[in-house]
Amino acid sequence: MDIKKYTEKILSALPKEAVKSVQEFRGQVSLIVESERIIDVLKLLRDRFGFRYLIDLTAVDHLPNEPRFEVVYHLWCHAEKRLIRVKTFAKGEPPTISSVVGLWSTANWHERECYDMFGIIFDGHPDLRRILLWEGFDGHPLRKDYPVEGRDEKRNN
Amino acid sequence: MRKEIIKLNVGPQHPSTHGVLRLLVELEGEVVVSCDPDIGYLHRGIEKLMENRTYHRSIPLTERVDYLAGAANSLGYILAVERLLGIEEIPPRARYIRVIVAELTRIASHLFWLATHGHDLGAMTPLFYALRDREVIMDFFEKWAGKRLFPNMFRVGGVAKDFPDGMEQEIRKFAEELPEKMKDYETLLTKNPIWINRTKGVGVLSIDEVLDWGLSGPMARGSGLDFDIRKVDPYLGYDEFDFVVPLGKNGDTYDRYLIRLEEMRQSCRIILQALDRMPKGDIMIDDYKVAFPPKEKVVNGEYLIPHYLLVVKGFKTPKGEVFHHTEAPKGELAFYIVSDGSEHPYRVKIRTPSFVNLQVISKLAKGRLLSDLIALIGTIDIVLADVDR
Amino acid sequence: MGIEQSGGILVTTLEKVVNWARKYSVWPLTFGLACCAIEMICTAAARFDIARFGMEAYRPSPRQADMMIVAGTVTKKMLPAVLRLYEQMVDPKWVMVMGSCATSGGVFRSYAVVQGIDKYLPVDVYVPGCPPTPDALLYGVTKIHEKIMQDKWLTKKYEHIKFPEKVKS
């Protein structure tokens with residue numbers, strides 16, 4: 001089954017209002033999903049289509065645009081040997097989105113890293129605290145308005 | 001009898017944590033009640049640095065992500081960039097060089113794992129044997145690239161340098177001899193009662209747990225999950241090679257040990273097949289907008305100007321996003337690159353195998369003895385730069 | 001040191017003979033931070049054999065170590081631990097910096113990396129490279145030996161390092 005047909009098959013099973021659009025680039029499909037429905041969509045993909053392996057969870061900062069933070073999930077289906085990318089936006093200030101730790105335990109550290117690097121709050125995460133940087137670090141370094149060499153000049157030099 | 005929970009700090013400076021891992025362990029006697037890894041002691045901000053560099057200048061950074069398998073990491077990055085650019089074919093000789101170097105790196109990484117894992121569990125001799133064989137690979141890299149750990153020779157569209165004269169024969173000799181030499185390790189460890197006692201039944205994972213925790217590489221295959229990206233999503237023409245993906249039955253530390261040994265043998269097979277099929281010819285595509293022109297021609301203006309522009313400004317990529325995963329020695333290594341059409345990547349996410357695999361340790365260590373914790377750190381095969389990036 | 005020809009008598013100063021003994025029994029701290037630690041382990045293994053220089057006894061405890069090889073990137077999160085380890089070592093002690101990251105931050109000029117450990121520790125020898133080869137590390141060891149031989153330990157007072165103000169301990 002080629003990628004277009006397979007995407008259509010998935011789309012027909014997903015709730016219509018949940019998926020905003022579909023992008024395809026270099027043979028990889030991205031579903032752009034309403035942030036309120038992200039848990040439903042991921043659960044459906046996991047249980048019904050066999051995307052049981054959450055490869056990666058990350059975020060992208062689109063600074064001048066609103067909403068600013070895009071959260072990206074990469075899923076892999078072992079049975080069909082297929083990759084799918086699900087994207088959504090974390091809205092609000094601070095940016096908030098539901099946690100998927102209930103679906104995959106592996107999301108725990110991924111979400112902590114996103115919180116550490118972007119300051120995205122994952123609603124329902126059991127233990128949301130900084131993971132790579134220390135407690136008390138000022139700012140979230142992977143945001144686009146954070147300088148590469150850090151803000152605290154004294155400790156940098 | 002009074003029961004008390006002791007809080008113990010293992011690391012960040014500890015000989016068995018393979019670097020700067022810190023584990024906050026709560027003990028009741030010898031039994032681990034909870035184990036909370038504290039990572040980030042080697043967080044160097046590679047993802048942020050890559051956003052501010054051209055695509056080519058990021059290659060040395062990616063090699064330093066997993067410093068035991070430098071070439072495997074830059075390979076993953078290069079393949080992701082090539083996918084972003086839409087380069088599908090590179091000259092066959094370059095492709096085989098990449099395969100050979102990637103597999104040599106896998107062997108080197110596994111040998112170092114064997115050395116340190118054995119050393120942590122009290123077997124000193126494998127360290128010297130494994131490092132003896134690893135030095136041969138380091139010599140290959142030094143001869144080819146001038147550097148031991150990080151060859152830094154993969155470029156977008158090919159490789160920077162061909163193998164020097166006579167190296168193909170040396171690699172062939174190494175790949176033929178290594179399975180014989182590995183019998184030394186087997187006699188030292190495989191049937192050693194101490195080794196069996198310390199590894200069998202330690203760190204058992206079922207397939208459901210593997211899927212739940214997102215494990216990959218030997219951690220997943222030890223539990224019997226048939227997941228090797230070289231087979232399921234082939235890149236670099238891995239589907240043309242004849243090799244077996246070893247699978248475990250019990251999902252414990254001992255099975256993962258056997259799997260890694262078998263993977264080294266299979267890597268030798270791949271290297272020998274690649275050497276047999278390797279043709280002579282170009283090692284770089286001739287699209288000088290993205291690939292470097294050959295060095296000896298750069299004196300000529302026709303080649304000098306594209307070379308200069310490529311070094312100073314870099315190349316532009318189409319707007320879009322790609323995800324490319326490869327089978328690194330430690331598991332699934334993936335690069336997710338978002339491009340906004342400029343010379344710099346807008347965002348690079350490095351999905352490293354160690355980061356994901358390490359978090360299962362808090363589950364595995366619970367209820368085990370403290371000495372098992374050291375076996376667990378070894379079996380997950382972490383590299384702290386790979387965890388922290 | 002000079003050897004008197006008659007009667008096999010060795011004439012030397014106390015400082016020199018102690019330094020000579022000390023230089024062949026430098027015990028390094030088992031302390032790897034990043035990539036350079038791998039090359040440090042290779043140096044200790046059979047091929048390069050650091051035991052030729054009397055350094056095969058790697059000590060995991062800083063209280064037993066004489067020399068700290070800062071092998072790899074020092075991040076700001078790791079810095080307090082590095083300083084603590086240095087403090088716990090007993091005098092006389094030496095610091096060898098291995099690789100460009102520890103020397104100057106190297107390629108990692110970012111928010112998380114200390115741009116050179118020499119701002120916090122008194123460094124004796126810098127070994128350049130990314131990572132330095134084992135040969136380079138051994139050359140650095142011989143440089144440490146030269147330095148030890150010139151050590152005026154009878155008359156010198158040890159200067160203690162000053163800690164920066166804002167470091168979390």
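One definition before anything else: buried means under 20% relative accessible area, exposed means over 50%, and partly exposed is in between, with a 1.4 Å probe and protein chains only. Now the ground rules. This is a predicted model, where local features need pLDDT of at least 70, side-chain atom pairs count only at pLDDT 80 or more, and totals for chains, interfaces and linings use all residues. Residues are numbered from 1 along each chain as its sequence is written, chains are lettered from A and ligands numbered from 1 in the order in which they are written, and side-chain values use heavy atoms, with hydrogens and water left out.

Sheets next. Helices (H or I, at least four residues) and strands (E, at least two) are DSSP runs, numbered from the N terminus. Two strands pair if DSSP finds at least two bridges between them.

Look at chain A. Its open sheet has 5 strands, in the order E1-E2-E5-E4-E3, with mixed pairing. Strand E1 (19-25) and strand E3 (53-61) are the edges, each pairing on one side only. Inside the sheet, E2 (residues 28-33) and E5 (residues 82-90) of chain A run parallel, joined by 3 bridges. Ile32(A) has Lys87(A) in E5(A) as its bridge partner. Helix H1 (residues 3-13) of chain A packs on this sheet and touches E1, E2 and E5. Touching is contact, meaning heavy atoms within 4.5 Å.

Chain B has an open sheet of 3 strands, ordered E1-E2-E3, and here the pairing is antiparallel. E1 (6-10) and E3 (31-38) of chain B are its edge strands. E2 (residues 22-28) of chain B pairs with E3(B) over 7 bridges.

Cys36(C) is buried at 8%, and Cys101(C) is buried at 9%.

On to the interface of chains A and B. Here 47 residues of chain B are in contact with 45 residues of chain A. The buried area is about 3,900 Å², with 57% from carbon and sulfur atoms. That area is the accessible area (1.4 Å probe) that two parts lose on being put together, summed over both.

Finally, salt bridges: a side-chain nitrogen of Lys or Arg within 4 Å of a carboxyl oxygen of Asp or Glu. Asp56(A) and Lys349(B) make a salt bridge at 3.7 Å. Glu113(A) and Arg389(B) make another at 2.3 Å. Glu113(A) sits in helix H3 (residues 107-118) of chain A and Arg389(B) in the segment after helix H16 (384-388) of chain B, so this pair joins two chains. Glu113(A) is buried at 5%, and Arg389(B) is buried at 2%.

Within chain B, Lys330(B) meets Asp66(B) at 3.3 Å. The two sit in separate loops, so the pair ties together parts 264 residues apart in sequence. Both Lys330(B) and Asp66(B) are buried.

That's my tour; over to you.

Methods: Axes are lines fitted to C-alpha atoms, for helices over the stretch in contact, and angles run from 0 to 180 degrees between N-to-C directions.
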